Amino acid sequence: MAADDEAKIIPGPTFSDPTSSDRYIIDQIRQAGADLSKPRHTRFFLFFPTEAQGHDATAERHSAVELRALDVTFVGKSIDGLWLVRLEGEIVVNEQAIALISGRLEAVAGANSGGYDGWEALAAP
C-alpha cells in the first residue's frame, strides 16, 4: 500500500459489540462513496504474548479457506510488549464476510493465547 493510501483508510471507533463496530466501519466506507460490491484492501489485526505464538497462529490460518488469501506481516513488538500481526488482502467488504473472517481470526488468536483487534479497509478499491 502506498503512503498516500494510508490517509484513505477509515478506522472505526471502539465499540463493546463487534457487530456494531463492523456496521459502523462499513457505513463509513459506504458514505465515502465506495462501491461495496468491489473488493478493497482490508487489514485485520492480531496480538500475541510471544512471537512464537503469533507464528503458530498464522500457520493455522491455512485451515480456514477464508483466511488463506490474506498476507501476513509481523509488525513487531508493541510498547506494551505484545507481538502485533497484520493480515491483509483484497476482499469484498460486507457484514457477512467481515463476521466470518473476524470469527475465524478470533478463534485462531484465542487458541494461541492471543487476541483479535479488529479491522480497517480502504474506502476506494
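User: What helices and strands does the protein have, and in which order do they run?
Analyst: The predicted model has three helices and five strands. From the N terminus the order is β-α-β-α-β-β-α-β.

User: How much of the protein is buried?
Analyst: Of its 125 residues, 39% are buried.

User: Which residues touch the most other members of the largest nonpolar core?
Analyst: That core has 23 residues, and the ones touching the most other members are Ile29, Phe44, Leu46, Val93, Ile101, Leu105 and Trp119. Two or more residues each come from helix H1 (18–31), strand S2 (39–48), strand S4 (83–92), H3 and strand S5 (115–122).

User: Which element gives the most to this core?
Analyst: H3 does, with five residues.

User: Switching to serine 102. Where is it?
Analyst: Serine 102 sits in helix H3, which covers residues 95–110.

User: Why does serine 102 count as buried?
Analyst: Because its relative accessibility is 5%, and buried means under 20%.

User: What does serine 102 touch, leaving out residues up to four places away in sequence?
Analyst: Phe44, Tyr116 and Trp119.

User: And phenylalanine 44, with sequence neighbours up to four places away left out, what does that touch?
Analyst: Its contacts include Ser102, Tyr116 and Trp119. Also among them are Leu70, Val85, Ile98, Ile101 and Leu105.

User: Of contacts between residues at least 6 apart in sequence, how many join residues at least 24 apart?
Analyst: 70% of them do.

Methods: Residues numbered from 1 in each chain as written. Predicted model: local features only at pLDDT ≥ 70, side-chain atom pairs only at ≥ 80, totals over all residues. Heavy atoms only, no water. Helix = DSSP H or I, 4+ residues; strand = E, 2+ residues; numbered from the N terminus. Buried < 20%, exposed > 50% of the residue type's maximum accessible area, 1.4 Å probe, protein only. Contact = heavy atoms within 4.5 Å. Core = buried A, V, L, I, M, F, W, Y, C linked by side-chain atoms within 4.5 Å.
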